[in-house]
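This briefing goes through selected features of one protein structure, grouped by topic. Please keep the sequence and the model in view while reading.

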Amino acid sequence: MAKLSGIRPERSQREGAQNDPRLDWWREAKFGLFIHWGLYAIPAGVWQGKEVPGIGEWIMLHARIPVREYEQLAAQFSPTRYDAREWVALAKAAGQKYIVITSKHHEGFCLFDSRVTDYDVMGASPFGRDILAELADECARQGIRLGFYYSQTQDWHHPDGDGNDWDYDESQKDFAGYIEDYVKPQVTELLTNYGPVALIWFDTPKGMTEEQSRSLLELVHTLQPDCLVCGRVGNALGDYASAGDNMIPDVQMQVDFETPATINDTWGFKWYDENWKSVPDLVHKLVDIVSKGGNYLLNVGPTAEGAIPQASVDRLLAMGRWLDVNGEAIYGTRPGPVQGQEGYRSTRKGNVVYLHVLEWPHDGRIAVRGVSERVRAAAVLGAPQAGALACHQEGDALTILGPGAAPDPVATVIALSLAE
Ligand code: JFZ
């Protein structure tokens, strides 16, 4: 895996998709909400009284829990606090332009009404409400795009799915049959029963053959031509590239990529994982990724009751407040000319370069390289009272004289208006 990019070649962007206009909304969006929810939220990182190390949604595998035991959790799944209106409103307040929710994760339990199995929220849980249907209606009502995560390769509940070698004999599995008779019918349900779907977020392609990846890609594009498919369809066939989890490329990328990331150290809810990233850290990661041509898909793991952890809510709302002031330096931008300089990042839109100052110099004297076009004016976004900042250019070396204290303690954006 090219360490430099953090993107495995097989998860990269399909040749030619770089100029695909179907991605325009996605390139404009930059920031999305990822939601990992399922039966794993019930044990929440503990099994038979013992904490199970690792990401919460992998508890069935990490604890080698037999299917007949694990599937009993479905009878306990009744998230009475689930409120799609609240979840969508949070994403909007955070400045996130699309939502991706786990329709079926590796555990195999489906958060939607599937005709292909009873191991779903309608057939196996007392909840009896189609979680995806309510979310799709609310996304349409509040005008935000919705995508579905679907674990196409790993299914630890299905006898022919990949990954469960503690209940099932790997050598006896009919994986190809599982793809044809289970995965494709379910993908068809997701793209038929829930209105316009913005994207399908496949995952961990593992041993998927090129032919299998391509057949899934074509199925999606046949059912909904505008629906995007992420790079984890495998075999470098995705509409956009998928970076590794929490992986940010070291340099500007020449492909459209997305970094899926956690706010703490788990995707699925674990009650004792309190290793929450700070707001400045999260905003700096958003700026870093966007300055290199990527999207940031930031995750929440709701509880079994259907509540999003308050620590996640607080951080997302704070990011939204920063974007309320600095959003023009993020949405619809492309990488800027100032690259690879500690403490600084840049984005660009038309004749404006946005210089993101992640660590404000103690003397307010900002010195960066890369801006070879003449700067007509420099001003702090959202702080007109600070007025125009004095700046001096020699070649592509730019010096800006700012106030001693950071105008924005999280990250300050200086808009550089370039001479026409
Ligand atoms: C996968 C899932 O296994 C995990 O549960 C979560 O859904 C995450 C978003 O994706 O985890 C991965 C996938 C890829 C890598 C690491 C973890 N990788 O490429 O390094």
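**Surroundings of Gly244**

Apart from its neighbours within four places in sequence, Gly244 is in contact with Gly6, Arg232, Thr259 and Pro260. The model is predicted, and its values are computed.

**Position of Gly244**

- Gly244 lies in the loop between β8 and β9.
- Its relative accessible area is 13%, below the 20% limit, and Gly244 therefore counts as buried.
- From C-alpha to C-alpha, Gly244 is 17 Å from Phe31 in space, while 213 residues separate the two in sequence.

**The eight-stranded sheet**

- Eight strands form an open sheet with parallel pairing, in the order β7-β6-β5-β4-β1-β10-β9-β8.
- At the edges stand β7 (228-229) and β8 (241-242), each of which pairs on one side only.
- Within this sheet, β9 (residues 257-261) is joined to β10 (residues 294-300) by five bridges in the parallel sense.
- In that pairing, Ala261 is found opposite Leu298 of β10.
- Helix α5 (residues 131-142) packs on the sheet and touches β4 (98-104) and β5 (145-150). The direction of α5 makes about 170° with that of β4.
- Helix α8 (residues 279-290) also packs on the sheet, where its contacts are with β1 (31-35), β9 and β10. Between the directions of α8 and β10 the angle is about 150°.

**Helices α4 and α5**

- The axis of helix α4 (residues 84-94) comes within 9 Å of that of α5, and the two cross at roughly 45°.
- The crossing of α4 past α5 is right-handed.
- On the α4 side, the contact is made by Ala84, Arg85, Val88, Ala89 and Lys92. On the α5 side, Glu134, Leu135, Glu138, Cys139, Arg141 and Gln142 take part.

**Cysteines**

- How many disulfides does the model contain? The count comes to zero, with a disulfide taken as a pair of cysteine sulfur atoms within 2.5 Å.
- For Cys110, the closest cysteine sulfur is that of Cys227, at 17 Å, and this is too far for a bond.
- Cys110 has a relative accessible area of 0% and is buried.
- Cys230 is likewise in no disulfide, its nearest cysteine sulfur being that of Cys227, 10 Å away.
- Because its relative accessibility is 0%, Cys230 counts as buried.

- Is strand β12 (residues 344-349) largely enclosed or largely open? Five of its six residues are buried, so β12 is largely enclosed by the rest of the structure.
- Strand β11 (residues 334-335) pairs with β12 in the antiparallel sense, over two bridges. Arg334 has Arg348 of β12 as its bridge partner.
- Strand β13 (residues 352-357) runs antiparallel to β12 and is joined to it by six bridges. Here the bridge partner of Arg348 is Val353 in β13.
- Two residues lie between the strands in the hairpin of β12 and β13, where Gly350 takes a positive phi near 60°.

Note on methods. Residues numbered from 1 in each chain as written. Predicted model: local features only at pLDDT ≥ 70, side-chain atom pairs only at ≥ 80, totals over all residues. Heavy atoms only, no water. Pairing = 2+ DSSP bridges. Helix = DSSP H or I, 4+ residues; strand = E, 2+ residues; numbered from the N terminus. Contact = heavy atoms within 4.5 Å. Axes fitted to C-alpha atoms, helices over the stretch in contact; angles between N-to-C directions. Buried < 20%, exposed > 50% of the residue type's maximum accessible area, 1.4 Å probe, protein only. Left-handed = near helix turned anticlockwise from the far one by under 90°.
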